[in-house]
Amino acid sequence: MRRRTSSGRFAERELSGVDDAGGEERVVIWIERKPGAVWAVGRAVNPQHRSSDEPRADDWVFEGYELDDALEHANEALEDDVSVLERDGGDLHSVQPFTRKEVLPRLERWFFGR
């Protein structure tokens, strides 16, 4: 998924594996900040095959005001996808969970313009 220049994306994980038919599958999970101080978690499958970079309505896993809630939902989605891909033979032990430590410096840069 090509990033929009106006994107409020703060963290992202990309997983690669195979789908049910044996074809290559790419899953992207991200945390972003939407207008109105809303945190959102998105998950898209094979976004590289879409005609637009814009997330679809069904890509959103969570929307809310608390960063901790967004982190929880993002990590649940990530864990689910990692376990499925591992069952299919993928080696995904190096995939790191989303953390506050990763997101907060980006939030401060975004908020304070530094």
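Let me begin with alanine 37, which sits in the loop between β2 and β3 (38-45). The model on screen is a predicted one, in which local features need pLDDT of at least 70 and side-chain atom pairs count only at pLDDT 80 or more, whereas totals for chains, interfaces and linings use all residues. Residues are numbered from 1 along each chain as its sequence is written, and side-chain values use heavy atoms, with hydrogens and water left out.

Back to alanine 37: its phi is near 60 degrees, a positive value in a residue other than glycine. Why does that deserve mention? Because most residues other than glycine have a negative phi. Alanine 37 is partly exposed because its relative accessible area is 34%; in this talk, buried means under 20% relative accessible area, exposed means over 50%, and partly exposed lies in between, with a 1.4 Å probe and protein chains only. Asparagine 46 likewise is not a glycine and has a positive phi of about 50 degrees. Its place is the loop between β3 and β4, and it is classed as buried because its relative accessible area is 15%.

Turning to the overall layout, the protein holds 2 helices and 4 strands, and from the N terminus on its elements run β-β-β-β-α-α. Helices (H or I, at least four residues) and strands (E, at least two) are DSSP runs, numbered from the N terminus. Of the 114 residues in the protein, 39% are buried.

Next, the salt bridges. The term requires a side-chain nitrogen of Lys or Arg within 4 Å of a carboxyl oxygen of Asp or Glu. How many salt bridges does this rule give? The count comes to 8.

I shall take several of them in turn. In one, the side chain of arginine 26 meets that of glutamate 14 at 2.9 Å, N to O. This pair links distant parts of the chain, 12 residues apart, with arginine 26 in strand β2 (residues 24-34) and glutamate 14 in strand β1 (residues 9-18). Arginine 26 counts as buried because its relative accessibility is 14%, while glutamate 14, with a relative accessible area of 44%, is partly exposed.

Lysine 34 and glutamate 63 form another salt bridge through their side chains, at 2.6 Å, N to O. Here too, distant parts of the chain are linked: lysine 34 belongs to strand β2 and glutamate 63 to strand β4 (residues 60-64), 29 residues apart. Glutamate 63 is partly exposed, at a relative accessible area of 44%.

Which helices does the salt bridge of aspartate 68 and arginine 100 link? The two side chains meet at 2.8 Å, N to O. Aspartate 68 is in helix α1 and arginine 100 in helix α2 (residues 100-112), so the pair, 32 residues apart, links distant parts of the chain. Aspartate 68 is partly exposed at 43% relative accessibility, and arginine 100 is partly exposed with a relative accessible area of 39%.

Salt bridges that share partners also join Arg13, Glu102 and Arg106 into one network. Arginine 13 lies in strand β1 and counts as buried at 13% relative accessibility. Its side chain and that of glutamate 102 are joined by a polar contact of 2.7 Å. A polar contact is a pair of N or O atoms within 3.5 Å; within protein, one must be able to donate a hydrogen and the other to accept it, and residues adjacent in sequence count only if both atoms are side-chain atoms.

A further polar contact, at 2.9 Å, runs between the side chains of glutamate 32 and tryptophan 30.

Finally, the surface patches. Patches consist of residues with over 30% relative accessible area and no salt bridge, like charges being joined within 9 Å and nonpolar side chains (Val, Leu, Ile, Met, Phe, Trp, Tyr) within 5 Å. Lys and Arg count as positive and Asp and Glu as negative, with His and the chain ends not counted. A charge is placed at NZ of Lys, CZ of Arg, CG of Asp or CD of Glu. Accessible areas come from the Shrake-Rupley method with a 1.4 Å probe; for residues, only the protein chains shown count as cover.

A patch of negative charge on the surface gathers Glu66, Asp69, Glu72, Glu76, Glu79 and Asp80. Glutamate 76 lies in helix α1 (residues 67-87) and is partly exposed at 39% relative accessibility.

Trp110, Phe111 and Phe112 make a nonpolar surface patch of about 400 Å². Phenylalanine 111 is in helix α2, and counts as exposed because its relative accessibility is 59%.
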